[in-house]
Amino acid sequence: MDTSRENGFLKVKDVCAILNITPHTLRYWEKEFSEFLRPHRSTGGHRLYDDHQIRRLLEIKHLLKDRYFSIKGAKIYLQHDSGRGRRSIQSSPDPEPNKSTPIRREKQRWYDLAILGGVPAFEKPLHVGMPNIGDQDRFLKQAAEILQQRRLTNNGPLVQRFEEEIARLIGVKHVVATCNATVALEIAIRALDLSGEVIVPSMTFVATVHALWWQQIQPVFCDVNPHTYTLDPSCVVRKITSRTTGIIGVHLWGRPCAVDALEEIARHYRLKLLFDAAHALYTSYKGRLVGQFGDAEIFSFHATKFLNTFEGGAIATNDDSLAAKVRLMRNFGFAGKDHVIYIGTNGKMNEMAAAMGITSLESLQHFVDINYRNYTWYRKLLDGIPGIRLIPYDEREINNYQYIVVEVDPERAGLNRDQLVALLERENVLARRYFYPGVHRMEPYRTLFPDAGLQLPVTEALVERVMTLPTGTAVHPEDIRLIAQIIRLAVRHSKQLTVKFNQLNAEKMIA
Ligand code: T4K
């Protein structure tokens with residue numbers, strides 16, 4: 001195609017020629033997908049497009065051309081649900097040339113659903129938490145160098161570089177990399193001299209709480225705010241006793257805690273404040289990146305996280321003496337050769353993990369872009385399904401968009417969360433109930449604090465209603481379209497499905 005580029009950009013007429021659409025359609029898509037597509041402007045005010053935007057337009061075209069989707073007004077709707085134009089459908093090919101096209105099967109009628117005996121929509125399981133992987137060649141090159149240098153661990157050069165790069169990224173003085181976030185939490189808790197009681201949400205992964213109890217510190221469960229899903233500061237104040245030494249806030253699903261309020265409480269009551277930021281690398285609170293708050297913040301670089309080092313974690317702090325202490329503790333308390341000055345553990349990150357982290361950091365913006373694209377598709381395609389609400393990100397902040405969390409209102413959806421998870425599992429979509437049933441209902445806490453749930457009404461309601469859907473670089477918009485199609489179909493035919501669910505116990509059906 002003969003196209004003329006202006007400083008690397010394409011003009012409207014060239015874009016329309018490439019996509020074989022009219023300028024009117026282009027403008028319509030830009031309006032409809034404005035959060036996703038923002039053309040540049042020339043000095044004369046003309047719209048200009050770079051390669052990245054062309055790719056996005058191709059994706060939009062690819063999705064909208066599907067016969068079972070059409071645009072009416074500002075809505076995308078499922079044509080087959082209107083009862084017209086039922087035709088057999090074949091999955092359209094993936095635009096990624098090097099990837100073999102996964103087999104996806106359309107679900108046109110409710111009795112096509114796998115739970116009713118239909119063939120699963122996906123041939124292979126689609127997981128929540130499939131790793132984001134950067135440039136494989138660059139990683140393998142670094143891996144070869146590690147082997148050649150024979151420097152595998154113990155604060156090697158790549159670990160130091162990784163720490164510096166993370167510190168620069170989030171704007172914090174010290175980052176101490178560890179073998180995982182659970183050990184990072186344990187080290188930080190000990191280095192901060194926490195003891196007695198520490199206030200913590202139950203709406204979190206069990207590691208946050210285990211890190212306390214592992215050191216005989218009593219977790220005091222506190223409820224979360226129903227809108228932010230993070231520690232409710234007014235509840236925190238009510239939980240403070242003479243034995244309280246600290247607070248651990250969790251930036252759940254990459255949504256930051258009420259940092260200002262918690263810092264104020266910690267200052268007023270002279271408590272230590274730690275944040276479990278396992279989900280929150282590259283997310284901001286009031287424009288400042290997470291990692292800079294409280295006495296310290298803990299990141300996870302586990303395979304399932306936004307940015308991974310296979311397994312890994314880090315402690316971020318602006319406190320020089322705390323940083324020195326956690327460095328000692330990470331390495332058995334060694335201050336020099338044969339010279340131990342403190343109790344410590346083995347919490348070191350190895351060089352291979354750091355190489356993975358450095359490679360992943362090079363692709364950070366790509367990971368955000370893909371996650372944002374996926375979030376946008378979920379938002380569009382789940383919109384208007386009764387009882388299904390995608391928990392939104394605050395778009396005024398920086399987000400990593402790593403968690404697609406959906407709240408199911410059983411009254412309006414006609415199906416409850418567990419039924420939907422079971423139904424999706426049969427389609428090979430392995431949605432997760434993060435963080436069911438709440439840590440207070442897991443052992444040993446369930447036995448230790450049998451009445452904890454009475455004071456956690458928001459947590460108890462939330463753990464029954466939320467599910468996490470697959471996203472990340474391994475998930476294609478076509479996957480999302482099909483997942484949304486299944487959910488829409490299930491909700492639309494919830495009455496018929498309820499008959500089936502009455503025969504089965506959904507809880508037992510979840511693998
Ligand atoms: N604080 C919070 C708030 C956390 O969420 C976590 C960890 C921590 C602290 C502690 O961080 P680390 O010590 O782990 O650094 C997973 C992760 O193991 C855990 O890191 C994570 N949170 C938690 C939310 O999820 P599981 O038991 O759900 O993992 P699993 O094995 O079921 O993996 C989830 C899915 O991911 C699988 O269905 C398949 C997929 N997957 C997983 C791995 C490991 C892959 O596709 N490839 C992989 O390599 O806990």
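Strand 19 and strand 20 (residues 404-408) run antiparallel and are joined by three bridges, where helices (H or I, at least four residues) and strands (E, at least two) are DSSP runs numbered from the N terminus. The structure described here is a predicted model, in which local features need pLDDT of at least 70 and side-chain atom pairs count only at pLDDT 80 or more, whereas totals for chains, interfaces and linings use all residues. Residues are numbered from 1 along each chain as its sequence is written.

Within the pairing of these two strands, Leu 390 has Val 406 of strand 20 as its bridge partner. Both strands belong to an open sheet of three strands, ordered 19-20-22 and paired in the antiparallel sense; two strands are taken to pair if DSSP finds at least two bridges between them. Because strand 19 (388-390) and strand 22 (466-469) stand at the edges with a single partner strand each, one side of each is left without a neighbour in the sheet. From one strand to the next, the twist of this sheet averages 30 degrees, with axes being lines fitted to C-alpha atoms, for helices over the stretch in contact, and angles running from 0 to 180 degrees between N-to-C directions.

A further open sheet is formed by seven strands in the order 8-16-15-12-11-9-10, and its pairing is mixed. The twist here averages 25 degrees from one strand to the next. Helix 5 (residues 157-170) packs on this sheet, touching strand 8 and strand 16 (313-317), and its direction makes about 135 degrees with that of strand 8; residues are in contact if their C-beta atoms, placed from the backbone, lie within 7 Å.

Strand 16 is largely enclosed by the rest of the structure, because five of its five residues are buried, a residue being buried if 20 or more other C-beta atoms lie within 10 Å of its own, exposed if 12 or fewer, and partly exposed in between, with C-beta atoms placed from the backbone. Gly 313, Ile 315 and Thr 317 point one way from strand 16, while Ala 314 and Ala 316 point the other way. Strand 16 pairs with strand 8 in the antiparallel sense over five bridges, and Thr 317 in strand 16 is the bridge partner of His 174. Strand 15 (residues 296-300) also pairs with strand 16 in the antiparallel sense, over four bridges, and in this pairing Ser 300 has Gly 313 as its bridge partner.

Elsewhere in this sheet, strand 9 (residues 197-201) is mostly covered, with four of its five residues buried. Strand 9 runs parallel to strand 10 (residues 218-222), to which five bridges join it, and Glu 197 has Gln 218 as its bridge partner in strand 10, while Pro 201 has Cys 222. Strand 9 also pairs in the parallel sense with strand 11 (residues 244-250), over three bridges, and there the bridge partner of Glu 197 is Thr 244.

The ligand is surrounded by 23 residues, of which the closest are Gly 129, Ala 181, Phe 205, Ala 278 and His 302; a residue is counted as near a molecule if its C-beta atom, placed from the backbone, lies within 6 Å of it. Helix 6 (181-191) and helix 7 each supply at least two residues of this shell.

How values were computed
Two residues are in contact if their C-beta atoms, placed from the backbone, lie within 7 Å.
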